[in-house]
Amino acid sequence: MADFIIGRQQIFDRQLNTYAYELLFRGKDFDLNHQDGATQATNQVITDTLLELGLNALVGPHKAFINFTTQNILEKTPLHLPKDRIVIEVLETVKVDARIINNLQELSKLGYLIALDDFVFAEEWKPLIELADIIKLDILEMGEAKTRELITQLKAYDVKLLAEKVETHEEYQYLLELGCEYFQGFFFNKPNIITGKRLTINQLAAIKLLTAVNNPDVEFAELGKIISQDVGLSYKLLHYINSAFFSVPNKIESINHAIAYLGLNEVKRWINILTLAAMSDKPQAVIQTALIRAKMCEHLGRLANYPSEHFFLVGMLSCLDSVLDMPLDAALQQLPLANDIVSAILHKQGAAGEALECVLGYEQWDISAIAFAQIDPLLIGNAYIESINWAKDILDNITQ
């Protein structure tokens, strides 16, 4: 079996909730720019998704967009996948002919959703527009004027539009106004900056707790006192600790008991997570991204034999701009963080900063940036999958 790494990119609905994930893949022994290599890559991602990792582990309850080449469609490869869980993404390199049209019609009648990737209006693609459910628009490649023109052309067809490579809030806004249903890109990590935005009371309380917990001299008693003063936070923390996720042999009955039993470092981590979630009224996807970054940074630190406590915090706080809707440097100024942590987050300096840069490269599927401390790319890929699963378990517990 070829060495293989897999990634995913979120696809959002109009409310910025996760609708689906596009599965992304790379392998050492095949060339994705060559037709046979791309076909082999898609076959490999199907094998790894279903047999090695499991679809639920990668995308949870959401749909998976998977790229299919001409050969994949001719061989009816999608039939190996559950029709209610996947979207057949027809690559722009597919050569449209009668066989392709017939096979896609058959798959559509069986209940599979069809998406056309990087769509450009052309006569030979009209039969596929008729049967497509979703059309993906590369707005970065086309620019705003051509994007608007293409959307106008497509209004005559019964299709939903997915704008991909959306990188700013402004782009998201105009595409929303034009009727796009789905969005893909890095815009959700680039918040709508509101100058002088005032924090809510809950956010101020959460920042106070974050400030205390990240003070290197904080003591058990001080943490217990701060947490105990907030009924909601106390409930969530106790519920979180008592959940099956931690397999605690005896039920935790108080905050001080929890801290004493589990240790200061682990309690600090839980508080960081819980307060980050409490500060945000954003879709859960934002918190999920923060948790995946945190855990993956920690994984990379351990793989490289670095002390990984700060790695976790660097990964998590790298999303603070999205959580608070303010520039990242301004958000970080509200916490008494060591200079090396701030420089790691803002400037990717030091080992933790380099780990964060690797994580961001993986998140954005920039293959050239997926490197850290000479760790095997396969191990980096495994760390990403493990981080996804961990983040899912954490969210299941803190949202109850």
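Visitor: Which residue in β5 stands opposite I88?

Guide: I88 stands opposite I114. Keep in mind that this is a predicted model.

Visitor: How do you know that β4 and β5 are paired strands?

Guide: Strands pair if there are at least two bridges between them. Strand β4 (residues 86-90) and strand β5 (residues 113-116) have four bridges, in the parallel sense, so they count as paired.

Visitor: What makes the crossover from β4 to β5 right-handed?

Guide: The chain goes from β4 through helix α4 (residues 98-109) to β5. With the strands pointing away from you, a path that runs clockwise is right-handed, and this β-α-β crossover is right-handed.

Visitor: Why are β5 and β6 called a pair?

Guide: Two bridges join β5 to strand β6 (residues 134-138), and the strands run parallel. The definition asks for at least two bridges, so two are enough. In this pair, L116 has I135 in β6 as its bridge partner.

Visitor: Which helix belongs to the β-α-β unit with β5 and β6?

Guide: That is helix α5 (residues 126-131), and the unit is right-handed.

Visitor: What does "buried" mean for the chain, and how much of it counts as buried?

Guide: A residue is buried if its relative accessible area is under 20%. Of the 400 residues of the chain, 53% count as buried.

Visitor: How many helices and strands does the chain have?

Guide: The chain has 19 helices and eight strands.

Note on methods:
Residues numbered from 1 in each chain as written. Predicted model: local features only at pLDDT ≥ 70, side-chain atom pairs only at ≥ 80, totals over all residues. Heavy atoms only, no water. Buried < 20%, exposed > 50% of the residue type's maximum accessible area, 1.4 Å probe, protein only.
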